[in-house]
Amino acid sequence: MRSEVITVQTGSRPTVRDITSEAERFVAGQGDGLLHIFVPHATAGLAIIETGSGSDDDLLRALDDLLPADDRWRHRHGSPGHGRDHVLPAFVPPYATLPVLGGRLQLGTWQSICLVDTNGDNPGRQVRFSFLSG
């Protein structure tokens, strides 16, 4: 298995960051297999969605509706409402596995791999790409 960790800057606000190009570079020339992507953080996840058409903003808005950044959370360290960031991975998992054929990701036409980070307290994230040859 081939594995590599990249660092992604997500900033100080909730964000959906497209990491498809990084994943494509990682699998280029690798042949057939599976790409597993993992975010080793308790407050971030991965989503496969369309970007650039407003879906990324819609996702953040839906997460705000579902997981408001207010004082309802028992987990209270960090910024106000930070407890919701620790619940996020139950809804947006910290992993994804994708097929790779001929060294190319097999995403649908409008699909992108996105790092979802609602935690402004941690502006840098690591993402592990692991390729299992078929």
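Analyst: Happy to! Helix α1 (residues 20–27) lies across β1, β3, β5 (95–101), β6 and β8, and runs at about 35° to β8. Please keep in mind that this is a predicted model.

User: What makes up the protein as a whole, in helices and strands?

Analyst: The protein has 3 helices and 8 strands. Along the sequence they follow the pattern β-β-α-β-β-α-α-β-β-β-β.

User: How do you know that the radius of gyration agrees with a compact globule?

Analyst: By setting the value against the globule rule, which is 2.2 Å times the number of residues to the power 0.38. For 134 residues a compact globule would have a radius of gyration near 14 Å, and the protein has 15 Å, so the two agree. As for its extent, the C-alpha trace spans about 50 × 30 × 20 Å along the principal axes. The accessible surface comes to about 7200 Å², and 50% of that belongs to carbon and sulfur atoms.

User: What share of the residues is buried, and what share of the contacts join residues at least 24 apart?

Analyst: Buried residues make up 41% of the 134. Among contacts between residues at least 6 apart in sequence, 82% join residues at least 24 apart.

User: What makes β2 and β7 a pair?

Analyst: Two strands pair if DSSP finds at least two bridges between them. β2 is joined to β7 (residues 112–117) by 4 bridges, and the two run antiparallel, so they meet the cut-off. Arg 17, for instance, has Leu 115 in β7 as its bridge partner.

User: Why is β4 called largely enclosed by the rest of the structure?

Analyst: Because 5 of its 6 residues are buried. A residue is counted as buried when its relative accessible area is under 20%.

User: Which strands form the sheet that includes β8?

Analyst: That open sheet has 5 strands in the order β1-β8-β3-β5-β6, with antiparallel pairing. Its edge strands are β1 (2–9) and β6 (104–105), each of which pairs on one side only. Strand β3 (residues 33–38) is joined to strand β8 (residues 124–133) by 6 bridges, and these strands run antiparallel. Within that pairing, His 36 has Ser 130 in β8 as its bridge partner.

User: Let's look at single residues. Why is Asp 117 called buried?

Analyst: Asp 117, in strand β7, has 1% relative accessibility, and therefore counts as buried: the cut-off is under 20%. Its side chain makes a polar contact with the side chain of Arg 125 at 3.0 Å. A polar atom of the Asp 117 side chain also lies 2.9 Å from the backbone nitrogen of Asn 119. Leaving aside neighbours within four places in sequence, Asp 117 is in contact with residues including Thr 10, Arg 13, Thr 43 and Asn 122.

User: How do you know whether Asp 85 is buried or exposed?

Analyst: Its relative accessible area is 5%, so Asp 85 is buried. Asp 85 sits in helix α3 (residues 83–87). Beyond its neighbours within four places in sequence, Asp 85 is in contact with Ala 42, Thr 43, Thr 118 and Asn 119.

User: Why is Leu 101 called partly exposed?

Analyst: Leu 101 has a relative accessible area of 48%. Buried means under 20% and exposed over 50%, so a value of 48% falls in between and Leu 101 is partly exposed. Leu 101 belongs to strand β5. Not counting residues up to four places away in sequence, Leu 101 touches Gly 31, Asp 32 and Gln 106. Leu 101 and Gly 31 are 70 residues apart in sequence, with 6.0 Å between their C-alpha atoms.

Note on methods: Residues are numbered from 1 along each chain as its sequence is written. This is a predicted model: local features need pLDDT of at least 70, side-chain atom pairs count only at pLDDT 80 or more; totals for chains, interfaces and linings use all residues. Side-chain values use heavy atoms; hydrogens and water are left out. Buried means under 20% relative accessible area, exposed over 50%, partly exposed in between (1.4 Å probe, protein chains only). Contact means heavy atoms within 4.5 Å. Accessible areas come from the Shrake-Rupley method with a 1.4 Å probe; for residues, only the protein chains shown count as cover. A polar contact is a pair of N or O atoms within 3.5 Å; within protein, one must be able to donate a hydrogen and the other to accept it, and residues adjacent in sequence count only if both atoms are side-chain atoms. Axes are lines fitted to C-alpha atoms, for helices over the stretch in contact, and angles run from 0 to 180 degrees between N-to-C directions.
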